[in-house]
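Visitor: Please take a close look at the interface between the two chains. Then follow the salt bridges from there.

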Amino acid sequence: MLNVKDLHKKYPNGTHALKGVSFDVTPGEFLVVIGLSGSGKSTLLRCINRLHEPSHGSISFEGNDVTHISGQPLRTLRSNVGMIFQHFNLIPRKTVMTNVLSGSLSRTGILKSIFGLFTEEDKEKAKRFIKIVGLEGKENQRADNLSGGQQQRVAIARALMQNPKVLLADEPVASLDPATSHSVMQYLKKVNEELGVTVICNLHFLSLVRQYASRVIALKGGKLIYEGQPLEIDENWFKTIYGEEAVEVTID
Amino acid sequence: MTTLVQDALPGENKGAGYKKLKKTVRAFGIDLFIWSYMILASWKIIYEKIFIGDRYATFTWNQPLIALGLGALVTLVLFFTRVSIGKAVSGLYESRPERTVLSEPYTILGYVLLIVTFVSGIFISQVSITEFLSASGLHGARRIFTALFNPNFAIIEQALFAAIETIYMAFIATMLALPMAFVIAFFAARNLMNGSKLTMAIYSIVRFFLNVSRSIEPLVWAIIFSVWVGIGPFAGMLALWLHSVSSLSKLYSEQIENISNGPIEAMTATGAHPIQVIWFGVVPQIVLPYLSFTIYRWDINVRMATVIGLVGGGGIGTMLMQYQGLAKWNEVGLLVIIIAAIVWIMDYLSSKIREAIK
């Protein structure tokens with residue numbers, strides 16, 4: 001459903017973050033991207049929903065070339081691709097409900113959204129997703145007063161409001177403690193298995209990768225150096241991906 | 001090893017030498033200024049006051065030049081010892097482990113500099129204990145304080161109306177400043193304007209005008225506007241308005257510069273329209289700080305309005321000026337009480353409101 005071909009990204013400051021990355025994503029899989037900090041993982045995800053402009057190469061989504069679209073077609077693409085972030089990126093001072101409803105902005109008129117007039121259908125839906133991520137009863141609490149794990153679950157509910165076909169997760173558990181990390185990963189797994197949303201997720205910890213991924217790709221210095229099953233990553237591959245001196249740290 | 005590096009990077013080495021030269025020149029300049037200043041102050045202010053007894057120091061233009069010449073001589077002699085403040089400030093001294101910074105010769109010179117300035121300041125401000133405690137002076141003070149503590153309540157009606165004028169004048173100045181500052185702030189926010197050279201040029205021009213208009217006191221603007229539109233609250237309002245526009249623009253733009261990019265990124269990623277991105281990603285981050293700044297500004301404007309009234313800006317300040325001119329101290333006493341009450345109430349209310357909306 002998503003094909004990335006020879007993708008390059010060069011930032012204005014000269015950093016060459018991606019150097020010809022190609023891969024395909026099949027519907028329903030849980031694809032995990034691993035690699036060191038600075039290997040281009042975040043850039044890769046942000047190129048898919050075009051928060052960053054690719055410099056070269058092509059991305060196609062469901063058969064349509066989306067590499068250089070703009071305006072309404074771009075917003076339609078983004079509404080089909082949900083995203084969650086390392087630092088949650090919730091709207092400060094707003095309630096859980098408003099935050100989740102903001103996921104439906106792309107199908108709500110500008111004036112209606114400014115006056116907070118979301119449809120009854122969307123409100124029902126928001127409540128349902130809040131329940132799915134286990135935050136029932138917290139609809140009217142301020143989202144920035146919740147714990148980190150709860151905030152990330154609000155972010156998942158917000159992304160689900162878009163009815164996404166693909167969910168991009170950029171280091172979703174990197175600012176969370178181990179127990180909370182597993183809880184958030186389990187919700188992502190649930191979204192993937194029960195709602196059938198394809199997930200592309202950047203992760204640091206290999207133990208999480210082995211537990212949740214259905215397929216893994218690894219980036220190093222902006223290049224794709226590994227593609228395969230999570231359990232196939234042995235000592236040698238680990239050292240290739242993370243460098244000779246790296247020692248695996250587990251999270252449980 | 002070191003020579004290897006130096007051979008490999010001749011350009012960098014040259015740069016270091018140039019940097020050191022620049023620092024030395026700057027250090028010399030600082031020393032020259034300090035010594036010339038100390039010579040001039042000790043000679044023209046301290047020496048002449050003590051030994052000649054001149055009440056006011058009189059200057060001719062050749063005296064600073066003489067001080068400069070002497071200062072240059074002293075600097076030349078002492079620049080290569082450890083009493084150079086310029087070298088200390090420029091970081092040209094190696095620190096000595098056996099001495100603390102506080103006991104270094106240049107620090108001691110710093111103390112001397114402070115003492116010279118303090119003594120000169122006492123003389124220039126004409127500080128005089130005898131006049132402060134003179135019998136006739138104390139008698140006058142007692143007369144004024146007695147009157148002030150016996151306020152004349154006969155004018156309370158007029159005084160309250162003048163106070164209301166002051167509060168409303170400050171409110172309108174704040175309200176009219178708000179929309180202008182709101183728009184200007186976007187052009188004065190670096191993170192929104194650093195996209196291209198053109199926008200950076202606009203940013204610099206806007207910032208320049210904001211800084212200039214802010215550095216001219218509202219008191220001065222009030223004088224200008226009282227000539228322009230006539231003495232009265234309108235002139236005072238205009239003065240406060242102009243100053244508020246530049247202050248609020250600066251505060252607002254700093255707030256915009258501090259917003260986090262996360263919510264903006266998240267809203268963009270949902271496929272929202274750019275206007276929705278601003279409404280949901282930017283506005284929630286700025287609206288409360290804006291409100292807080294604006295209320296605080298109103299508070300400041302009420303205080304300033306009183307002072308501006310003294311130069312013809314209307315309101316209770318103008319009234320105070322009139323009674324003070326007539327030496328009607330009982331009336332002045334009432335006005336002072338009312339002003340203090342307004343300032344206290346505004347201060348209390350604005351801090352309570354700002355706390356509540358945090």
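Guide: A salt bridge here is a side-chain nitrogen of Lys or Arg within 4 Å of a carboxyl oxygen of Asp or Glu. The model is predicted. By that rule, Arg46(A) pairs with Glu265(B), with the closest N and O atoms 2.6 Å apart. The rule finds 1 salt bridge across the interface of chain A and chain B. It also finds 6 residue pairs in polar contact there. On the side of chain A that touches chain B, helix H2 (72-80), strand E6 (81-84) and helix H4 (110-114) of chain A each give two or more residues. That side divides into 11 nonpolar, 10 polar and 7 charged residues.

Now the extent of the interface. 28 residues of chain A contact 21 residues of chain B. The two chains bury about 2100 Å² between them, 66% of it on carbon and sulfur atoms. In chain A, Arg75(A), Arg93(A) and Leu105(A) lose the most area to chain B, together 26% of what that side buries.

Over all chains, the search finds 17 salt bridges. One of them joins Arg82(B) and Glu104(B), at 3.2 Å from N to O. Arg82(B) sits in the loop between helix H3 (62-78) and helix H4 (85-89) of chain B, and Glu104(B) in the loop between H4 and helix H5 (105-124), so the pair ties together parts 22 residues apart in sequence. Both Arg82(B) and Glu104(B) are buried.

Arg207(B) bridges to Glu257(B) at 3.7 Å between the closest N and O atoms. This pair links helix H10 (residues 197-215) and helix H12 (residues 233-258) of chain B, 50 residues apart. Arg207(B) is buried, at 14% relative accessible area. Glu257(B) is partly exposed, at 27%.

Definitions and conventions: Residues are numbered from 1 along each chain as its sequence is written. Chains are lettered from A and ligands numbered from 1 in the order in which they are written. This is a predicted model: local features need pLDDT of at least 70, side-chain atom pairs count only at pLDDT 80 or more; totals for chains, interfaces and linings use all residues. Side-chain values use heavy atoms; hydrogens and water are left out. Contact means heavy atoms within 4.5 Å. Buried area is the accessible area (1.4 Å probe) that two parts lose on being put together, summed over both. A polar contact is a pair of N or O atoms within 3.5 Å; within protein, one must be able to donate a hydrogen and the other to accept it, and residues adjacent in sequence count only if both atoms are side-chain atoms. Helices (H or I, at least four residues) and strands (E, at least two) are DSSP runs, numbered from the N terminus. Ala, Val, Leu, Ile, Met, Phe, Trp, Tyr, Cys and Pro count as nonpolar, Asp, Glu, Lys and Arg as charged, and the others, Gly among them, as polar. Buried means under 20% relative accessible area, exposed over 50%, partly exposed in between (1.4 Å probe, protein chains only).
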